[in-house]
Amino acid sequence: MTELNLRKQDEKNYDVLVNNDQAGTLNFDDEQNAWVFNWSEDGTTYEESLQETMEELRDDFQSGLDDDTVSSFGDYKYEK
């Protein structure tokens, strides 16, 4: 099971930790009114709600494991 946690930098910025390894950052974009997960040089926009964003992000990481994806987000590598 993939463990997904946030480490708070401030109200609108978090480090995203997957199994205690930093996989990227989660930042609230006021212009889009949504949370954006950033990794390497790319990003994915999620929801306005932090809780909904975390649920979707957790599902995305878990799907990568279930689908035998080697790398779902940039340079983040899954270990099975």
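**Charge pairs, core and surface patch in a predicted model**

Glutamate 11 is exposed, with a relative accessible area of 58% (exposed means over 50%, buried under 20%, and partly exposed in between, with a 1.4 Å probe and protein chains only). This is a predicted model, in which local features need pLDDT of at least 70 and side-chain atom pairs count only at pLDDT 80 or more, while totals for chains, interfaces and linings use all residues. Residues are numbered from 1 along each chain as its sequence is written, and side-chain values use heavy atoms, with hydrogens and water left out.

**Overall layout**
- The chain holds 1 helix and 5 strands, in the order β-β-β-β-β-α from the N terminus, where helices (H or I, at least four residues) and strands (E, at least two) are DSSP runs numbered from the N terminus.
- Of the 80 residues of the chain, 34% count as buried.

**Salt bridges**
- The structure contains 3 salt bridges, each defined as a side-chain nitrogen of Lys or Arg within 4 Å of a carboxyl oxygen of Asp or Glu.
- Glutamate 11 pairs with lysine 8 in one of these, at 2.6 Å from N to O.
- Lysine 12 forms a salt bridge with aspartate 30, with the closest N and O atoms 2.7 Å apart; because lysine 12 lies in the loop between strand S1 (4–10) and S2 and aspartate 30 in the loop between S3 and S4, the pair ties together parts that are 18 residues apart in sequence.
- Lysine 12 is partly exposed at 36% relative accessible area, whereas aspartate 30 counts as exposed at 53%.
- Aspartate 15 forms a salt bridge with arginine 7, the closest N and O atoms being 3.1 Å apart; aspartate 15 counts as buried at 10% relative accessibility, while arginine 7 is partly exposed at 42%.

**Nonpolar core**
- The largest nonpolar core has 14 residues, of which Leu4, Val16, Val18, Leu26, Phe37, Leu57 and Phe61 touch the most other members; such a core is a set of buried Ala, Val, Leu, Ile, Met, Phe, Trp, Tyr and Cys residues joined through side-chain atoms within 4.5 Å.
- Strand S2 (13–18), strand S3 (21–29), strand S4 (34–39) and H1 each supply at least two residues of this core.

**Negative surface patch**
- Glu48, Glu52, Glu55, Glu56, Asp59 and Asp60 gather in a surface patch of negative charge, a patch being made of residues with over 30% relative accessible area and no salt bridge, with like charges joined within 9 Å.
- Glutamate 48 lies in the loop between strand S5 (42–45) and helix H1 (50–66).

Definitions and conventions:
Patches are made of residues with over 30% relative accessible area and no salt bridge: like charges are joined within 9 Å, nonpolar side chains (Val, Leu, Ile, Met, Phe, Trp, Tyr) within 5 Å. Accessible areas come from the Shrake-Rupley method with a 1.4 Å probe; for residues, only the protein chains shown count as cover. Lys and Arg count as positive and Asp and Glu as negative; His and the chain ends are not counted. The place of a charge is taken as NZ of Lys, CZ of Arg, CG of Asp or CD of Glu.
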